[in-house]
Amino acid sequence: ASAAQRRVPADAAFDAAVELLLIAARDRVPQVFFASVPLLRTAFAGAAVPIPELSTDLHAGSDLVDEDAADAQVSRLLALELHPHLEQLFGALLSRASEAQERVCNEARAAMVHLATKSPVGPLPVTAFLLQSAKRGSDEAASSSSTSWRSAAARARVLHELVNEMGATQS
């Protein structure tokens, strides 16, 4: 068979890479996770992941943010349906970012920030996932007596790093 016949379709290669990343991210041995981070960067470098569209016009033509438009935008982020692979991967990375071991946390946060800033995934799905998981976390906390402060701290740190990396404007 020729090289062209042996080529794996890009979507199948991407799906396989995501499956391996999920296995590595869920592994109890941190070194397995650390070894998978270069695969994450490579797999998403040219990935054709379906990214949902969302309006970015929050300012409505004025110098001040239109609060109704901003509230509507947050509501759309909370209702956004993510690609199933992304949701699973973000969940595994957030779980790793919520661990007690600092190096694991840093690698997981860096992976999420990388996906948001240096890959075709972009900030929208990452931010939507973090907001949706925060909403689910607050709903679960209201129905139980305990909540994961590490998970909340991990979400806040990733969002903070995204704002630092991408910047924020007042206009």
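Contact here means heavy atoms within 4.5 Å. Helices (H or I, at least four residues) and strands (E, at least two) are DSSP runs, numbered from the N terminus.

The model is predicted: local features need pLDDT of at least 70, side-chain atom pairs count only at pLDDT 80 or more, and totals for chains, interfaces and linings use all residues. Residues are numbered from 1 along each chain as its sequence is written, and side-chain values use heavy atoms, with hydrogens and water left out.

Now to the geometry of this pair. Two packed helices are described by the angle between their axes and the distance between the axes. The axes of α3 and α6 come within 11 Å and cross at roughly 15°. α3 is therefore roughly parallel to α6. Axes are lines fitted to C-alpha atoms, for helices over the stretch in contact, and angles run from 0 to 180 degrees between N-to-C directions. Angles under 35 degrees count as roughly parallel, over 145 as roughly antiparallel, 65 to 115 as roughly perpendicular and the rest as oblique. The crossing of α3 and α6 is left-handed; that term applies if the near helix is turned anticlockwise from the far one by less than a right angle, and right-handed applies if clockwise.

One residue of this interface deserves attention. Ala108, in helix α6, has a relative accessible area of 0% and is therefore buried. The cut-offs are under 20% relative accessible area for buried, over 50% for exposed, and partly exposed in between, with a 1.4 Å probe and protein chains only. Beyond its neighbours within four places in sequence, Ala108 contacts Phe33, Leu93, Arg96 and Ala97.

How do α6 and α8 pack? Their axes are 10 Å apart, at an angle of about 45°. These two helices are therefore oblique to each other, and their crossing is right-handed. On the α6 side we find Glu102, Arg109, Met112, Val113, Ala116 and Thr117, which meet Ala154, Arg157, Val158, Glu161, Leu162, Glu165 and Met166 in α8.

Within α8, let us consider Val158. Val158 counts as buried because its relative accessibility is 0%. Not counting residues up to four places away in sequence, Val158 touches Arg109, Met112, Val113, Val126 and Leu130. Val158 and Asn106 are 52 residues apart in sequence, with their C-alpha atoms 9.7 Å apart in space.

Next, the nonpolar core, defined as a set of buried Ala, Val, Leu, Ile, Met, Phe, Trp, Tyr and Cys residues joined through side-chain atoms within 4.5 Å. Which residues of the largest nonpolar core touch the most other members? Among its 35 residues, they are Phe44, Phe90, Leu115 and Val126. At least two core residues come from each of α2 (10-26), α3 (30-43), α5 (84-97), α6 (102-117), α7 (123-143) and α8 (149-166). Leu115 has as its partners Leu40, Phe44, Leu89, Phe90, Leu93, Val121, Gly122 and Val126, residues up to four places away in sequence being excluded.

I turn to three further positions. Ser98 sits in the loop between α5 and α6. Is Ser98 buried or exposed? With a relative accessible area of 13%, Ser98 is buried. A polar atom of the Ser98 side chain lies 2.7 Å from the backbone oxygen of Leu94. Setting aside neighbours within four places in sequence, Ser98 is in contact with Cys105, Arg150, Ser151 and Ala154.

His85, in helix α5, is also buried, at 17% relative accessibility. Its contacts beyond four places in sequence are Asp15, Val18 and Glu19. Glu81, by contrast, is in the loop between α4 (67-79) and α5 and is exposed, with a relative accessible area of 71%. The C-alpha atoms of Glu81 and Phe129 are separated by 9.2 Å, the residues being 48 apart along the chain.

Finally, the chain as a whole. The secondary structure comprises eight helices and zero strands. Of the 171 residues, 36% are buried. Among contacts with a separation of 6 or more, 71% are between residues 24 or more positions apart.

Definitions and conventions. A polar contact is a pair of N or O atoms within 3.5 Å; within protein, one must be able to donate a hydrogen and the other to accept it, and residues adjacent in sequence count only if both atoms are side-chain atoms.
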